[in-house]
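Reader: I have a structure to go through and I'm new to this. Can we take it piece by piece?
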Amino acid sequence: MKPKSPKRSDARSSEELVDALVQAAFVTMAVLNKIGADHALSLTQLRVCGILRDRRLRMAALADYLGLEKSTMTGLVDRAERRGLMARAPSAEDGRAVDVFLTREGTKLGEQMHAQVQQSLTPLIERLNASDRQLLQDLLGRMLDSENGKVASR
């Protein structure tokens, strides 16, 4: 029997890794979609709540970060404002710019959804021992850091 060439083995390994990554993404997205639906939020609105959990951002920066047009971002924030989840205010650093932030109700909902995500995804990572969890966190961090300039993520 002829040994497999390294290139063929690497390609198969890469395909299997990509497949595992896609499967993990689907499981994660299913959790996020369910939590969003339970709170009548789109996936993008859920993501914005997660991003704003611990900060204020300018509307333009938030739109850029999400890869959205400013008009789309404005509509998304308008809907969240009507629900009492987000608010806008002039930027403290630049009076011409507008910051977006979570209201008290939005912060409460954001914390609740964060806890639900933790509760839903923790059983997956508990299958790994502590050193494997740390390794996975480090590897995912490196992967995402290398992509931050290419894909808006969080």
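Reader: How do the axes of helix 3 and helix 4 cross?
Author: The axes of helix 3 (residues 59-66) and helix 4 come within 9 Å and cross at roughly 110 degrees. Helices here are DSSP runs (H or I, at least four residues), numbered from the N terminus. Axes are lines fitted to C-alpha atoms over the stretch in contact, with angles from 0 to 180 degrees between N-to-C directions.
Reader: What does that make helix 3 relative to helix 4?
Author: Helix 3 is therefore roughly perpendicular to helix 4, a term for angles of 65 to 115 degrees.
Reader: Which residues make the contact?
Author: M59, A60, L62, A63 and L66 of helix 3 and K70, M73, T74 and V77 of helix 4. Contact means heavy atoms within 4.5 Å.
Reader: Where do the numbers come from?
Author: This is a predicted model, where local features need pLDDT of at least 70 and side-chain atom pairs count only at pLDDT 80 or more, while totals for chains, interfaces and linings use all residues. Residues are numbered from 1 along each chain as its sequence is written, and side-chain values use heavy atoms, leaving out hydrogens and water.
Reader: Ok. What about helix 2 and helix 4, how do their axes cross?
Author: At roughly 80 degrees, coming within 11 Å, with helix 2 at residues 43-52 and helix 4 at residues 70-82. Helix 2 and helix 4 are therefore roughly perpendicular to each other.
Reader: Which residues meet there, in helix 2 and helix 4?
Author: T44, Q45 and V48 in helix 2 meet M73, L76 and R79 in helix 4.
Reader: New topic. How many salt bridges does the count come to?
Author: Eight, with a salt bridge being a side-chain nitrogen of Lys or Arg within 4 Å of a carboxyl oxygen of Asp or Glu.
Reader: How many residues apart are D38 and K34 in helix 1?
Author: Four, so D38 and K34 in helix 1 (residues 6-38) are separated by about one helical turn.

Definitions and conventions:
Helix = DSSP H or I, 4+ residues; strand = E, 2+ residues; numbered from the N terminus. Parallel < 35°, antiparallel > 145°, perpendicular 65-115°, else oblique.
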